[in-house]
Amino acid sequence: MGLPKLTVPEYSLILPSNGKEIKYRPFLVKEEKLLLIAMESEDEAQIITATKNVIRNCIFGDIDVDSLPIFDIEYVFLWLRGRAKGEKIELKYNCPECKSDVPITFSIEDVNVDRPEGHEQKIQINSDLGVMMKYPDMLLQSQIENSKETSQVENLFNTIRLSIDYIYDAEKMYSTKDHTQDEMTEFLESLSDEQFQKISKFFETMPKLKHTVKLHCKNNTAGKGKKKTICGYEEDITLEGLQSFFV
């Protein structure tokens with residue numbers, strides 16, 4: 001006779017990138033084990049693979065995890081973890097004034113993906129020509145971060161080149177999959193500075209997991225035998241990206 005199986009709750013969540021509703025469950029011990037092993041290895045490729053596998057395991061339905069933008073991945077993972085370990089996140093920061101630890105607590109329900117005003121994926125280069133950008137997914141992000149380019153300028157070109165989905169004019173669309181790296185580089189280098197900046201703005205305004213918390217130090221700063229004094233230091237701290245929510 002087999003052991004009894006535990007019932008796992010099911011939740012729904014809206015993907016920030018497209019407004020699509022997905023169903024999911026919290027990650028379990030088996031998924032947490034995958035993450036811990038990957039993090040212990042300190043191998044970025046293994047961590048990326050483990051994160052995607054955890055999300056695949058926990059999402060119901062036909063969702064292509066590989067194609068999800070980074071900010072979708074971060075948002076979904078935040079909720080998977082929240083449902084598994086509790087929706088309150090507790091962080092500690094060192095007060096720059098009195099050097100004491102200051103606890104900060106907030107709910108993941110208050111955390112959103114920030115989409116700056118004016119952000120667009122479809123960018124009109126001139127009256128006849130434009131590009132459609134795609135958000136970096138985990139695989140693309142890894143390609144960008146592991147690029148052998150050492151120049152900041154070359155890294156920027158590489159990032160833009162990899163993030164163009166297609167180019168279009170008045171007559172047709174030109175998928176980047178059908179063109180070589182050299183052809184794409186030549187296209188980018190033929191742009192004027194004003195046109196290039198239009199594309200660069202896509203990355204500057206790209207949606208990201210973001211939340212602002214208030215650090216308010218109430219620690220006692222008085223030495224032994226002295227009158228009690230409250231530090232009182234205050235500062236707004238902006239958390240960006242998944243890693244900053246688990247420091």
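How many residues does helix 5 have, and how far does it reach from its first C-alpha to its last? The model examined here is predicted, with local features requiring pLDDT of at least 70 and side-chain atom pairs counted only at pLDDT 80 or more, while totals for chains, interfaces and linings use all residues. Residues are numbered from 1 along each chain as its sequence is written, and side-chain values use heavy atoms, leaving out hydrogens and water.

Helix 5, spanning residues 152-163, has 12 residues and reaches 17 Å, close to the 16 Å expected at 1.5 Å a residue (1.5 Å times one less than the number of residues). Helices here are DSSP runs of H or I with at least four residues, and strands are runs of E with at least two, numbered from the N terminus. Among the residues of helix 5, Asn158, Thr159, Ile160, Arg161, Leu162 and Ser163 are buried (under 20% relative accessible area, with a 1.4 Å probe and protein chains only).

Helix 5 packs against helix 7 (residues 193-204) at about 80 degrees, with the axes 11 Å apart; axes are lines fitted to C-alpha atoms over the stretch in contact, and angles run from 0 to 180 degrees between N-to-C directions. Helix 5 is therefore roughly perpendicular to helix 7 (65 to 115 degrees). Leu156, Phe157, Thr159, Ile160 and Ser163 of helix 5 meet Phe196, Ile199, Ser200 and Phe203 of helix 7 in this contact (heavy atoms within 4.5 Å).

Turning to the sheet, four strands form an open, antiparallel arrangement in the order 7-8-9-10, pairing being assigned where DSSP finds at least two bridges. Strand 9 (residues 164-168) is joined to strand 10 by three bridges, and Tyr166 stands opposite Ser175 in strand 10.

Notes
Buried means under 20% relative accessible area, exposed over 50%, partly exposed in between (1.4 Å probe, protein chains only). Angles under 35 degrees count as roughly parallel, over 145 as roughly antiparallel, 65 to 115 as roughly perpendicular and the rest as oblique.
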